[in-house]
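Me: I would like to learn how to read helix faces and helix packing from a model. Can we work through an example?

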Amino acid sequence: MNGQAALSILLIEDNPDHAALAKAAILTKAKNRTYAVEISGTAEEAMEFIQQQHVNLIVSDYHLPGKTGLDFLEWLNVEGKDIPFIMMTGMGDEKTAVKAMQAGAYNYLVKDDTYLSRLPHVVDETFICYLADQEKKRYELEIRDKNAALEKANRELKKLDQLKSDFVA
């Protein structure tokens, strides 16, 4: 480990073989960070897990028993959980990809012959994008606060200027 705490990833995958392969790919090939990967087999199980544990990133299959990965992402949004999300599917469907991205997924990955080699890079890239988005939000809030303080100071200066003008006159 490079001095950083492991970041927690929740992998939602109903196929145990796919889950084991994806977990191994993330843990052995990720370059920028150290990860801890937990596996849930259903969206409902993942919902319970997230209520009890902190998670830094979610990688979810689209096709799950019960609720879909998209249903789970929409639940996260309703719950106000701001967690970067990657959708994976064995069926490359553009409509599903668009819906996932519109619902807030950071990335969409088709489970083809190369997805296990691409998954660690996508995880790293998603964290980088998420952290950049958080930094951007922090700066925007800071700018808004400083603008409000400047506007207040300008109003006070105008009052002082008016008082000075009234006094001199």
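Predicted model: local features only at pLDDT ≥ 70, side-chain atom pairs only at ≥ 80, totals over all residues.

Me: Which residues of helix α2 are buried?

Reply: In helix α2, residues 43-52, the buried ones are A43, A46, M47 and I50.

Me: How should I read that spacing along the helix?

Reply: The general idea is that an α-helix has 3.6 residues a turn, so residues three or four places apart point the same way. In this case the buried residues of α2 lie within an arc of 105° when viewed down the helix axis, so they line one face. E48 and Q52, on the other side of α2, are exposed.

Me: How do I describe the packing of two helices?

Reply: Two packed helices are described by the angle between their axes and the distance between the axes. For α2 and α3, the axes come within 10 Å and cross at roughly 30°. Angles under 35 degrees count as roughly parallel, and α2 and α3 are therefore roughly parallel to each other. Their crossing is right-handed. On the α2 side, the contact is made by A43, A46, M47, I50 and Q51; on the α3 side, by F72, W75, L76 and E79. By class, these residues divide into seven nonpolar, one polar and one charged.

Me: At what angle do the axes of α1 and α5 cross?

Reply: Helix α1 (residues 16-29) and helix α5 (residues 115-168) have axes that cross at roughly 55° and come within 8 Å. The two helices are therefore oblique to each other. This crossing, too, is described by a hand: α1 and α5 cross right-handed. From α1, the residues H18, L21, A22, A25, I26 and K29 meet Y115, L116, S117, L119, P120 and V123 of α5. The contact of α1 with α5 has nine nonpolar, two polar and one charged residues.

Me: Now a single residue. Is S40 buried or exposed?

Reply: Buried means under 20% relative accessible area. S40 has a relative accessible area of 2%, so S40 is buried. Its place is in strand β2.

Me: Which residues is S40 in contact with, leaving aside its neighbours within four places in sequence?

Reply: With those neighbours left aside, S40 is in contact with L10, L11, I12, E13, E45, A46 and F49. One of them, A46, is also among the buried residues of α2.

Key
Residues numbered from 1 in each chain as written. Heavy atoms only, no water. Buried < 20%, exposed > 50% of the residue type's maximum accessible area, 1.4 Å probe, protein only. Helix = DSSP H or I, 4+ residues; strand = E, 2+ residues; numbered from the N terminus. Arc of directions from axis to C-beta. Axes fitted to C-alpha atoms, helices over the stretch in contact; angles between N-to-C directions. Parallel < 35°, antiparallel > 145°, perpendicular 65-115°, else oblique. Left-handed = near helix turned anticlockwise from the far one by under 90°. Contact = heavy atoms within 4.5 Å. Nonpolar A, V, L, I, M, F, W, Y, C, P; charged D, E, K, R; others polar.
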